[in-house]
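Subject: Structure handover

Dear colleague,

Please find below the sequence and structure that I am handing over to you. My findings follow directly after them.

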Amino acid sequence: MTSFEPVAVEHGVARGMGQDSGQARAPRTSGSTSGNVSRSPRRDRRGRGLRGPLMPPGLPGARSRNEAFSDYLAAAVSRLAEVCGPAVEQARFRMTMIPEDLENRLELVRAWGTELVDDPTGSTRRDAQGTAVITIHRRPLEARCPAPSLLPDLVYGAVVEQWAELTGVAPEAVDPDFHW
């Protein structure tokens with residue numbers, strides 16, 4: 001295996017930098033003598049990048065887990081708005097990867113055990129303007145989901161549970177079809 005040697009292109013002729021003798025192989029140019037090397041997105045060899053997208057953008061696998069979870073959360077909020085009415089539009093819903101206070105939760109779990117520490121699927125608070133902010137944590141929900149096809153229902157359950165906590169009612173009163 002040869003080591004990489006930088007190549008300078010001058011007037012369409014490639015010359016090895018730092019080489020006293022011999023000529024380096026000229027890279028393909030785009031027909032001009034400006035020295036710009038044309039790179040096709042399909043042909044990028046020797047580990048310098050992807051040749052193209054791994055999956056076409058229309059397939060579900062082309063989206064990241066974060067994007068898919070964001071879509072599940074948006075669908076859950078719209079479903080909750082159908083059940084609860086326009087009051088849901090006054091709250092802000094956001095997602096995070098893990099709870100912000102994860103270190104504190106871990107200390108509580110070590111001290112008291114998992115039975116006495118609340119479930120980290122979401123949190124509810126009010127911001128400085130008094131707007132309700134409901135945060136749903138992605139990784140804890142994914143961890144407790146037995147199958148990926150059940151994740152949208154689990155996200156909806158977490159949204160209903162946090163909305164019920166915010167409004168002070170039971171989750172079954174928010175949505176009669178709620179099952180956790």
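Three strands form an open sheet with mixed pairing, in the order E3-E5-E4. Strands are DSSP runs (E, at least two residues) and helices likewise (H or I, at least four), numbered from the N terminus; two strands pair if DSSP finds at least two bridges between them. Strand E3 (92-96) and strand E4 (122-126) are the edges, and each has a single partner strand, so one side of each is left without a neighbour in the sheet. On average, neighbouring strands are turned by 20° against each other, direction ignored, with axes taken as lines fitted to C-alpha atoms.

The model is predicted: local features need pLDDT of at least 70 and side-chain atom pairs pLDDT 80 or more, whereas totals for chains, interfaces and linings use all residues. Residues are numbered from 1 along each chain as its sequence is written, and side-chain values use heavy atoms, with hydrogens and water left out.

E4 and strand E5 (residues 132-137) run antiparallel and are joined by 5 bridges. Arg 125 stands opposite Val 133 in E5, and Ser 123 has Thr 135 as its bridge partner. The hairpin of E4 and E5 has 5 residues between the strands, and Gly 130 there takes a positive phi near 90°.

Helix H1 (65-84) and helix H3 (138-144) each give two or more residues to its lining, and H1 gives the most, with 4 residues.

Lastly, Arg 79 lies over the face of Tyr 156, at 3.7 Å from the ring centre; the criterion is CZ of Arg within 6 Å of the ring centre and within 35 degrees of the ring normal.

Yours sincerely

Notes:
Axes fitted to C-alpha atoms, helices over the stretch in contact; angles between N-to-C directions.
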